[in-house]
Amino acid sequence: MLVSAYFSFVASLSTAPLALAAAKWGNSGTGSIVIGEEWTIPELLYQVLPVVVSPFPGGTHAELVLNLLDVHNQRLDMMNANQIDFMVLGCNSPCIQGIANPVAAAKMSVQEQMVIKIFLYYDQVEYDVFWQMVSDLDVPVYLHTRLDAQPILDLLYAHAPLLRGAPQGFSAGASAHIFGLCVNGIFNRFPDVRLIIGHMGERIPSDLYRIDTEFSHTKTAMKQNTTTYFKRNIYETTSSDFSTNLLKFHMGEIGLDRIMYSTDYLKAYPPDGTA
Ligand SMILES: *[C@@H]1O[C@H](CO)[C@@H](O)[C@H](O)[C@H]1NC(C)=O
């Protein structure tokens, strides 16, 4: 079933109640809620590449690891310092999908109350049952980035392995998934679906004119164009993409009411996103 490699939805939905139960609601009055934030468990720490260091000024790998594992200590201090009231945690990529043995993966997902995220696109008709359930429950789906599966990494990035993650591979993979949902008619069949995507829309709103113009010359199953889906079905977050110029441009393209605040804590330095 190997098609591609990001997934996903809502490790956060299953982990958020844990955070809620453990931490007292700290309403700073500014109402900031962030949703694209990273965390992991000791059993999965081996997945954190030793070359990745904390994005905090002068940060080290050891600090990154401590921050990834932490829920109640420096994370809460950081939230207080940045007027963040509520944080939805997502498991650091590749998380449980990175476990090749399906039995072991299923066991850990139950143990940790995580959703198993598998290598597939949710844009095929067989997943209509999923989108129907999402519509019935009236909940948003968060589609987060992750590392591609190894065969894809080998094909695409062997020439320059540094491109595998946030600089290129994450957005390339996630935007292919989001486009798949658009062109395969998910938002036509399920017009109430709300999809949340991070990292300034995985670059798509920066290119909407070209995308929609190209599609308009082609016969597709789309009843609306991608811009319309962005204004009706899709929300983006600011996670780890703290460019004011880009934010202003996206406000013009899709509107401020489609853009949500997030920091990508642990992969980004929150004060840069709060300014
Ligand atoms: C997208 O569709 C909307 C609504 O039909 C239309 O107003 C807009 O011009 C389209 N955008 C592009 C770039 O084709």
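The legends below describe several close-up views of this predicted model.

Residues are numbered from 1 along each chain as its sequence is written. Because the model is predicted, local features need pLDDT of at least 70 and side-chain atom pairs count only at pLDDT 80 or more, while totals for chains, interfaces and linings use all residues.

View 1. Helices (H or I, at least four residues) and strands (E, at least two) are DSSP runs, numbered from the N terminus. In helix 3, which spans residues 74-81, the buried residues are R75, M78 and M79, where buried means that 20 or more other C-beta atoms lie within 10 Å of a residue's own, exposed means 12 or fewer, and partly exposed lies in between, with C-beta atoms placed from the backbone. Seen down the helix axis, these buried residues fall within an arc of 100°, so they line one face of helix 3; the arc is that of the directions from the helix axis to the C-beta atoms. The face turned away from the buried side carries the exposed residues Q74, D77, N80 and A81. Among the elements that cover the buried residues are helix 2 (61-69), strand 2 (84-91) and helix 13 (270-274), and contact here means C-beta atoms, placed from the backbone, within 7 Å. Just after helix 3, Q83 takes a positive phi of about 55°.

**View 2. The shell around the ligand.** The ligand is surrounded by Y209, D212, T213, S216, N225, T227 and T228, each with its C-beta atom, placed from the backbone, within 6 Å of the ligand. Helix 10 (208-216) and helix 11 (226-232) each supply at least two residues of this shell, and the largest share, four residues, comes from helix 10.

View 3. Four strands form an open sheet in the order 3-4-5-6, with parallel pairing, and two strands count as paired if DSSP finds at least two bridges between them. Its edge strands, each pairing on one side only, are strand 3 (141-143) and strand 6 (259-260). Three bridges join strand 3 to strand 4 (residues 195-197), and L143 stands opposite I197 in strand 4. Leaving aside residues up to four places away in sequence, I197 touches L143, A174, I178, E202, I234 and E236.

**View 4. Strand 1 beside strand 2.** Strand 1 (residues 32-39) is mostly covered, since six of its eight residues are buried. Strand 1 and strand 2 pair in the parallel sense over six bridges, and W39 stands opposite C91 in strand 2.

Notes: Contact = placed C-beta atoms within 7 Å.
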